[in-house]
2 protein chains.
Amino acid sequence: MAYPQTAFASTAIHADSLVGRRRQAVSANTLKYQLDVLKKTGRYDAFKLQWHPVYDEPPLVWPIPNHLFWDSDVAKWIEGACYFLKQQALPEIDQAVQELVEMIRSAQQSDGYLNIHYTVVEPGKRFTNLRDMHELYNAGHLIEAALAHSDLYRNDKLFAPILRYVDLLCANFGPEPHQTHGYPGHPEIELALLRLYDRTNEPKHLALAKYFLTERGNPAGVDGQNYFAWEARARGDDPAKRPAFYPESQCLWYHQAHAPIAEQKTIEGHSVRAMYLLTAVADLCRIESGTRSPNLESAMYTLWNNMIQRKMYVTGGIGAIKQWEGFGQDFFLPQGTDEGGCYAETCAAIGVMMLAQRLLQIDLDAKFADIMELCLYNAVLTAMSHDGKGFTYVNQLASSDTDPSKREDWFTVACCPPNMLRLLGYIGGYIWTRDDSNNNVTVNLYIPSTLEFTANRKDVRISQQSNWPWEDRIRFTVDTTSEDLSLKLRIPQWASSFELCPSCPDAVVDKGYLTLPAAWLSKNRAFELQIPLKPRWVVPHPSTEQNTVTLARGPIIYCIEDVHNEWVDDHFKGVSIDIGASLAESVTKDTKTGDEYVSLILEDGARNIKPETVCAYPSINAADLESTVSKADTIGRLHFTPYYFRANRGGKGHMRVGLRRF
Amino acid sequence: MAYPQTAFASTAIHADSLVGRRRQAVSANTLKYQLDVLKKTGRYDAFKLQWHPVYDEPPLVWPIPNHLFWDSDVAKWIEGACYFLKQQALPEIDQAVQELVEMIRSAQQSDGYLNIHYTVVEPGKRFTNLRDMHELYNAGHLIEAALAHSDLYRNDKLFAPILRYVDLLCANFGPEPHQTHGYPGHPEIELALLRLYDRTNEPKHLALAKYFLTERGNPAGVDGQNYFAWEARARGDDPAKRPAFYPESQCLWYHQAHAPIAEQKTIEGHSVRAMYLLTAVADLCRIESGTRSPNLESAMYTLWNNMIQRKMYVTGGIGAIKQWEGFGQDFFLPQGTDEGGCYAETCAAIGVMMLAQRLLQIDLDAKFADIMELCLYNAVLTAMSHDGKGFTYVNQLASSDTDPSKREDWFTVACCPPNMLRLLGYIGGYIWTRDDSNNNVTVNLYIPSTLEFTANRKDVRISQQSNWPWEDRIRFTVDTTSEDLSLKLRIPQWASSFELCPSCPDAVVDKGYLTLPAAWLSKNRAFELQIPLKPRWVVPHPSTEQNTVTLARGPIIYCIEDVHNEWVDDHFKGVSIDIGASLAESVTKDTKTGDEYVSLILEDGARNIKPETVCAYPSINAADLESTVSKADTIGRLHFTPYYFRANRGGKGHMRVGLRRF
């Protein structure tokens, strides 16, 4: 298959679109801005292997040294930069990439080893704490950077040293008695090795990824113990010393290592780790199609379903719990810090998109693309400001005094900003699924863009033009001499109807896709798909006990912000909604940011109930509550803004997605 | 004032009443049963100061040794036993009390020190870990035991050694440079010292309690640090080693030591500690009336209000979080383990009753007695089986597979069963508030009982006869020659109306009490109060985001159990209620337990919505959800049982208090 990290190069995203504008912000601002941060913080020069004062600091999150992810911060920036450089000349960025690569090359040890911390800070201790120290995670990001780098530069300046490092890892880890029977605390290298295998066809790359994936969670990995438990004992760890992110001792589920993946029934622990891990599992299942383990594949779907059905926010965000940056129990989805938690980390939503895209390669079912779209337009895009200079790590559905809705320049653990960079760099690779074996192109995402490729020696050019997600008409033009090209168009699960013009009598909707047969397509090189975009009220599963409604329109989830609702002083905790009231749409051109979007206004359909006006000490008669509510202040016009656009216009940081319903 | 622990002796609780039957269960079974447990587990002989194998066990909850509370387990049993022995001869119990007292006397060190752990297990380390090691907590319970013992036996066999131990503590702790500037991690000694002061009038007893209460949370207690932080450093504690109950490092709020009490704004941390602490604060404020610190008093009400308004379950239970056995954030009140947590520890509800009773001594406002009643009939009585042989430590509002609704014989940390014993021993002291200065008796609780006392050299006998809380008529008879005795009768906040017969035209309701003037009372020595007991649906505060309704009748909160609703297989998670449907009452005489109560039946007013029938991936249109709900199975008859009576009749352990509402 073509991974989106390479396939993206065939797609040109139209500049004047929501995604196009965000990509422009990245190339105009983010790349340079993040480069400056890498330089300012010491990351840029870290592969020179000099001591840095940060290395002396006590860990903010014990036992993780604050600089532990620097390798990956650099690698992800290089990777993202390479994607942008592939479609645009950016000399300063290009020069920095080349300089960084030289530094990485120079940091490699004679045996191929390549890691800042274990070379500078704790030499001699490599591979003694796979559970906590992100050594293999960093290696995975270096592999991904090397793949992007060699794609762009067509040389092996980064690829060759990384292959040497991978050789070392292949020799060190595996099932043989002389090998280490471990696997990473933070998955990433597995998916990187499988992408590498796709490039190299080198069996040992597949074998190492498979070993990491199938050995993980083995209850009797070493000396009858789970590897992480054995390793901790071998290090002489005091069992009473718990990592700050462990809610209990020996918290193997934090790492998805409490059982072999094939035996796991619910998705648990750190959400980014879970997504990276399952992305690799999906890849392995696809690669081993036919010979693959049915248990592993069925576990993958079980875990996906558990996540989608019981552990995902209406925005596509995942992870309710701050302490372990991950999943709570089934249906535990409070909206914000002061209601029990909400994490919805940016990288986790990016991870859901990765996983959904991989699942589509196994089973072309639009339900996976629905989730990909939901995450992109909400949980992911909300994490970067319109100008690409402000980020969020956590994407709550409701702000609080503790955690107002606002953006940061950067984070100590800086995984999210460069992950956003990478994603927007290769986002074009998510739009389509190409199956050259039967000359089919599937449209998963409606992002204004043009795809160009050659199949069976014929050039194909497919363009989708629209003002999506604001206007409901998408105009397709297909330019090719191929007569057997067919198209599949995703009909979103949220769409109440759709219309194709001209009509295609033979078209059927199967697994969420409208298939346009080659015969029809060869006669209709231009056509229009209309999917009505009407505001609708959605609710989470009732078992979440969140008696809330959320406004949505097409793929966009809306929130209310204090900008345009200036009266708020309580993060909209008191707002209650009558979903029968009328809604008005208005096309808003935001003068400050230049962004244009559809805003929604609820007219006379909201009341503001201050918590202190309800005397539930500790309960109140149901009838008395109704009478209190009916006497509460009405809000004449409640202004709704797309959730992805929050925190772009200043304000006090009050924001809420789910609103109480009465 | 007369503490309830002494005042109870003037009250005879009628045997044929709910509370009377539970007291009979304790004297018939619990006292002996708990004595056997004390003997079997090693607690009984622990004051002999021999080594016990338990002392070698690793702690279940690091760093608390499993035997750390043994002193208090024995002391609380002695205390409770003395209350029962005061009203009933129980020779075997009496003999055990006397034997235990001899052992305690023999365990005292030459300087007065008295603690099992620091004499046997870690000699030489006394007072080095006030934060975790419960040394002063145990001392507090010994003081309370000594007070009860001397009241009963009229000798100082226990009182004298305890006074010697208190002398040592008074010398050791205090503001002087040579003294230790610490305070207990688990409050208890403060309230015990204030009760002791009430008996001794010894200023140093008051002074030590006051020191503990006002020094607590001093940010610059020792060397510019909080005492607990200083103490941990002095012990050489590794800061990365967190007690298992700490969700974060240096978690001072767990102990209510994050700020001086007078500056605390919200009630935080371990709920039992918070209640014991505030009980002592209330006592100090009452004792120092006039000279007292207005900040401390106002903080006490702020914390009480925060608890009642935002952190209390509809059952009167407090504490949502298992890890620290305590309070979550404002309005975070999920019902059970698999919905985000629910703890509602028995001892905490007993603590709320203690605090409410103390507040009534400062401000005779029925709102405090309302909470006392709510806790007693629900959060407290639910914690002991009908026969006094089964207990609960945690009192969730909904069961789960992880935590089914069932009872245990005993617990490793065995604070709750003997606390129940103590409370039921002196519960008579909670029924009335006597103010001899103006010859008034206030009726706080409607428990069938008779009060006898002498005031101004006149005998008074007041009896309340009823079948409360099942029948709504309470017949009072007053027998005295006193002409100036007045009565106040509490009109519960939940009562929609009341009637007095014969009527009293001069009676007014003030602060929740109906005052019957002496003139009327001297002419009406028998009268009847009727408070209608009708089923009603109550809801928690909407900010809890618990879209649930709960059935209540008078002071009783109801639940549904699998006994009588055998079809349940999901802990009633799918049940949704139409509160407009009709309810039937039925007097139930449970044949297995002999208990008689009013059960309630909802006819055709419930539906059962299985989570898997709602396709919210991750959201669903509000309208589609309504249509799904309307197609769900109806439940013909839903049987409701008083919450306090749950888990008395076997069954599968499925139970729920709050039911979703549609």
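Modeller: A salt bridge is counted when a side-chain nitrogen of Lys or Arg lies within 4 Å of a carboxyl oxygen of Asp or Glu. This is a predicted model, in which local features need pLDDT of at least 70 and side-chain atom pairs count only at pLDDT 80 or more, while totals for chains, interfaces and linings use all residues. Residues are numbered from 1 along each chain as its sequence is written, chains are lettered from A and ligands numbered from 1 in the order in which they are written, and side-chain values use heavy atoms, leaving out hydrogens and water.

Between chain B and chain A there are six salt bridges. One of them joins Arg661(A) to Glu626(B), whose closest N and O atoms are 2.4 Å apart. Side chains of opposite charge can pair when their charged atoms come close. Across the two chains one also finds 20 residue pairs in polar contact, both residues being at pLDDT 80 or more; such a contact is a pair of N or O atoms within 3.5 Å, and within protein one must be able to donate a hydrogen and the other to accept it, residues adjacent in sequence counting only if both atoms are side-chain atoms.

The elements of chain B that each give two or more residues to the side touching chain A are helix H12 (294-310), helix H14 (366-380), strand S12 (535-540), strand S18 (619-621), helix H18 (622-630) and strand S21 (659-661). Here helices (H or I, at least four residues) and strands (E, at least two) are DSSP runs, numbered from the N terminus. Strand S12(B) gives the most to this side, with five residues. Sorted by class, the side of chain B that touches chain A holds 28 nonpolar, twelve polar and 13 charged residues, where Ala, Val, Leu, Ile, Met, Phe, Trp, Tyr, Cys and Pro count as nonpolar, Asp, Glu, Lys and Arg as charged, and the others, Gly among them, as polar.

As for extent, 53 residues from chain B and 55 residues from chain A take part in the contact, meaning heavy atoms within 4.5 Å. Together chain B and chain A bury about 4,400 Å², with 51% of it on carbon and sulfur atoms; buried area is the accessible area (1.4 Å probe) that two parts lose on being put together, summed over both. Arg242(B), Glu545(B) and Pro618(B) supply 16% of the area that chain B buries against chain A, more than any other three residues.

The two chains also meet strand to strand. Strand S12 of chain A (residues 535-540) pairs with S18(B) in the antiparallel sense over three bridges, two strands being called paired if DSSP finds at least two bridges between them. Within this pairing, Pro540(A) stands opposite Ser619(B). Strands of a sheet pair through backbone hydrogen bonds, either parallel or antiparallel.

A second open sheet in chain A has six strands in the order S1-S4-S5-S6-S11-S8, with antiparallel pairing. Its edges are strand S1 (11-13) and strand S8 (499-501) of chain A, each with a single partner strand, so one side of each has no neighbour in the sheet. The twist here averages 15 degrees from one strand to the next. Three bridges join S8(A) to strand S11 of chain A (residues 526-530), the two running antiparallel, and Leu500(A) stands opposite Leu529(A).

Conventions: Axes fitted to C-alpha atoms, helices over the stretch in contact; angles between N-to-C directions.
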